[in-house]
Amino acid sequence: MLNASIVNELKAVVGKNYVMTDQEDMVAYSMDATVFSHLPEAVVQPANRDEVVEVVKIANRYNLPLTGRGAATGMSGGAIPLKGGIVIELTRLNRIRKFDVVNKFAVVEPGVIPIDFATQAAKEGLLYPPDPSTIREATLGGTVAECAGGPRGVKYGITRNYVLSLEVVLPDGSVVETGNTVDGDMSGPDWTMLFTGSEGTLALITAITLKLVPIPETKKTMLAVYNRLEDAAKTVSVTMSGGIVPTTLELMDKHCIVAVENYLKIGLPVNAAGILVIEVDGVASTVEENTKRVSEICKECGASEVKIAQTALEAEKLWQARRAIGRAYGQYAPCKYAEDATVPRTLIPALVGKCVEIQNKYDVPIFICGHAGDGNLHPAILFDPRNKEVTARADKALEELHIETLKLGGTLSGEHGIGFAKAPYLRAETGEIGFKLGREIKDTVDPKGFVNPGKLFFYEGELH
Ligand SMILES: Cc1cc2nc3c(=O)[nH]c(=O)nc-3n(C[C@H](O)[C@H](O)[C@H](O)COP(=O)(O)OP(=O)(O)OC[C@H]3O[C@@H](n4cnc5c(N)ncnc54)[C@H](O)[C@@H]3O)c2cc1C
């Protein structure tokens, strides 16, 4: 429990209705979308930047751990208050401050929900491309802090490609604005990118300037069905090396197809070994041509069937299936390690092969889906934590998956971040010098180490 006088100081800043200390509230704020949890001592919900500044100053003064939180859909434990202290939830900062249609940018607060922003942009004929599956639940602040990706990353890139500028509150309570609304700001190093993807370990984001692009004229969505998962994986690498850049190239293996079909009952091909959900967009003539060429590639690589969605509703059903994967897995096991192992695109077949090998070696189910066109796979290792023996096998499978991904020249995280869950393996990716530099940057910006402690370069467990 926090000392009553500190609780009163927090209440004086944000109002008494926006400070929680009850045990049941602490439980609700102890977790994110991973299997881990830790209780905070208080949760505060500031309404604006100035209140954020005051809360940061209080945490700094009393040396209290301070963990930023959006919607807690994170997959690497980033929003878990590992050392207790204060959780600062930024969902009340939820205004779109500015929409500049002519210059194609908008200034938003971190609590805006991505789909609300994308819908507003679409009304102006503009597209905000980053589309994580949690587009309806996450916050834009969380997506910038994690540098989220999504299916459209294949063609449009990930969140970092759209962040022009940030307003952040540093651990000493000072406010800095990085970057500019112009894309080509080269006045010194890119401070915006230092904070984008820093997982709330350096500062709290209170405003984000996001770049927008024109909505493509048209798009087509197709479904390619395979009897062999390797053929679906091969299609990804052949398409990407063939000069066509689809908007999305999403892979689902047979476990994943069956899980989603059982969950949604929308007519997915449950006898298939794998499917690809592919979208192409652009001007009508190019879309027509690319759809034809991609269908041919799918067939050349062994697809038994390629269906082109005839209506927007048919296409939306496929995306609904894709977005439901995480929830559908819950039918099979209470817990999963949902990874985002990412390798060079041409090595997707090799990574799929490694997942199958690891599944067989440790006898744990590994369901595979992912933004394969981006080299980003989401192997999910399913287990029941009440069974210690199974959990031990799942842990070993997870470790081997990380090691094999790095051996393939890949990264531990294509979009979910390192947080706490993957921190034990970070040194293996960055090397000693890279790791030391990461710590030194954190020490410089946050010398007391109270902002989101225990994550990223400040993991304190055993380092692999
Ligand atoms: C079913 C499911 C599907 C998913 N699919 C995808 C996907 O397709 N692509 C993808 O990239 N991710 C995906 N994710 C992961 C998750 O949705 C993203 O990481 C998202 O960006 C997290 O946003 P959030 O608001 O929930 O952040 P939180 O989980 O609340 O926080 C994440 C991190 O950001 C920090 N943070 C939050 N807000 C701020 C702020 N204002 N300032 C500073 N730091 C802050 C937190 O401290 C924490 O470290 C998925 C998750 C689930 C459960």
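Let me start with one contact in this predicted model: the side chains of Arg393 and Glu389 meet in a salt bridge, with 2.8 Å from N to O. Both residues belong to helix 14, where they sit four residues apart, which is about one turn of the helix. Arg393 counts as partly exposed because its relative accessibility is 21%, and Glu389 is also partly exposed, with a relative accessible area of 48%.

Now please look at helix 13, where Lys354 and Glu357 lie three residues apart, again about one turn of the helix, and where their side chains form a salt bridge at 3.7 Å, N to O.

How are helix 13 and helix 14 placed relative to each other? The axes of helix 13, residues 348-362, and helix 14, residues 388-407, come within 10 Å and cross at roughly 155°; angles over 145 degrees count as roughly antiparallel, and therefore these two helices are roughly antiparallel to each other. Their crossing is right-handed.

Let me turn to another salt bridge, the one between Glu109 and Arg95, whose closest N and O atoms are 2.8 Å apart. This pair links distant parts of the chain, since Glu109 lies in the loop between strand 6 and helix 4, while Arg95 lies in the loop between strand 4 and strand 5, 14 residues apart. Is Glu109 buried or exposed? At 3% relative accessibility Glu109 counts as buried, whereas Arg95, at 49%, is partly exposed. Both residues also take part in a network of salt bridges that includes Arg49, Asp50, Arg97 and Glu167. The count for the model comes to 28 salt bridges.

How values were computed: Residues are numbered from 1 along each chain as its sequence is written. This is a predicted model: local features need pLDDT of at least 70, side-chain atom pairs count only at pLDDT 80 or more; totals for chains, interfaces and linings use all residues. Side-chain values use heavy atoms; hydrogens and water are left out. Axes are lines fitted to C-alpha atoms, for helices over the stretch in contact, and angles run from 0 to 180 degrees between N-to-C directions. Angles under 35 degrees count as roughly parallel, over 145 as roughly antiparallel, 65 to 115 as roughly perpendicular and the rest as oblique. A crossing is left-handed if the near helix is turned anticlockwise from the far one by less than a right angle, and right-handed if clockwise. A salt bridge is a side-chain nitrogen of Lys or Arg within 4 Å of a carboxyl oxygen of Asp or Glu. Buried means under 20% relative accessible area, exposed over 50%, partly exposed in between (1.4 Å probe, protein chains only).
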